[in-house]
Each structure stands twice: as structure tokens, then as C-alpha cells.
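Hi there,

Here is the structure I promised to pass on. Have a look at it first, and then read my notes below.

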Amino acid sequence: MMDTKRMILLVEDDDVDAELATRAFQRGKITNSLVRARDGLEALDYLFARGKYAARDANDLPVFILLDLNIPKISGFEVLMAIRADQRTRHLPVIVLSSSGEERDVIRAYKNFANSYIIKPLDYDQFVTATRQLCLYWTDLNEPPPLLASASYDAT
């Protein structure tokens, strides 16, 4: 079972969607704390302990990231590419949670190594169910790669 002390990073600019996610986590009895970044730059600053997050421990990575694609400053696709380009975060599970069901967006997300692509359900109960299921999978069932303290990881 996953350490419930590790947070889940929600990258979502829309306040209504972020509140829905927060309520869905509460209703689904997800015990991991939810940290929100409102744009792509804030998400990367948080992950890599830069800017206003410089005092944060960069090794304290989330269990997984829920990433919206249509976010300001740096797009969700660029955030995903930056996560995959860094040795420390390369294997961090990233679940795209987007209102876009466009095939080109789905393909682009997977080409950039998203772990999952979920279209945001419009119905609140369906959203809660989807959130609970994805959280249970990524926090309880999935065996994550070990957290790395250095950039000397060799995947061979």
C-alpha cells in the first residue's frame, strides 16, 4: 500500500474543476493531501523546488500528477515534456485529466509518455467515481518506481 503522506499534485487552472476534484477526493475518502498548481509554470516550480517553492524539498515528489492540458503560462504538454526530460521525475505517474477528447490530444499525450488519459466527466457523480478509481489504482494497486535521491538512475 502507498504511503498516504505523499501528496497528489493537481495542475488545474479552473477553480470550479479544482473544487470538484477536491470534493471528489473527500467523498472518495482519498487520504493523500491534494496540492494544487494553477498553471504550468507553478507546477514545474513546485516539482523542481524553484521560485516561491525554492525552500521545498525537491525529493518530496507526489504519488502522481493530475494534469490538465489547457493551462496558462506553460501548456500541459510542455509540463509533461519537462517532467519526462528530468531524471528525478521521468518515471513519476502523470495522468492527463482533460476536457478534450480530441484524438490528436490523446495521441500527443501518450507520445510524451503520459501514463493515462482521462476525459473529465461532466456529471459530478461520474467525476467522483472516476477520481476515486484512478486514485485507488495509483495509490493502492500500482507499484511505483523507487524515489531517487540522485540523478544516477540507470534504467537498464
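**Helix contacts, sheet and cores**

L20, A21, R23, A24, F25 and R27 of α1 meet Y124, D125, F127, V128, T131, R132 and C135 of α5, where contact means heavy atoms within 4.5 Å. Helices here (H or I, at least four residues) and strands (E, at least two) are DSSP runs, numbered from the N terminus.

Before going on: this is a predicted model, in which local features need pLDDT of at least 70 and side-chain atom pairs count only at pLDDT 80 or more, while totals for chains, interfaces and linings use all residues. Residues are numbered from 1 along each chain as its sequence is written, and side-chain values use heavy atoms, with hydrogens and water left out.

Back to that helix pair. α1 and α5 (residues 124-141) pack at about 65°, and their axes are 9 Å apart; axes are lines fitted to C-alpha atoms, for helices over the stretch in contact, with angles from 0 to 180 degrees between N-to-C directions. Their crossing is right-handed, that is, the near helix is turned clockwise from the far one by less than a right angle.

Now the sheet. Five strands form an open sheet in the order β2-β1-β3-β4-β5, with parallel pairing (two strands pair if DSSP finds at least two bridges between them). Because β2 (34-37) and β5 (116-119) stand at the edges with a single partner strand each, one side of each has no neighbour in the sheet. From one strand to the next, the twist averages 20°. β4 (residues 94-98) is joined to β5 by four bridges, and I95 has S116 as its bridge partner in β5. Helix α1 (residues 15-27) lies across β1 (8-11), β2 and β3 (65-67), at about 170° to β2.

G40, A43, L44 and L47 of α2 make the contact with V79, A82 and I83 of α3.

Which residues touch the most other members of the largest nonpolar core? They are L9, V11, L47, I65, L67, V79 and I83, out of 25 residues. Such a core is a set of buried (under 20% relative accessible area, 1.4 Å probe, protein chains only) Ala, Val, Leu, Ile, Met, Phe, Trp, Tyr and Cys residues joined through side-chain atoms within 4.5 Å. β1, α2 (40-47), β3, α3 (76-85) and β4 each give two or more residues to this core. Apart from it lies another core of 18 residues, including A24, V63, I95 and W138.

Best wishes

Technical notes: Buried means under 20% relative accessible area, exposed over 50%, partly exposed in between (1.4 Å probe, protein chains only).
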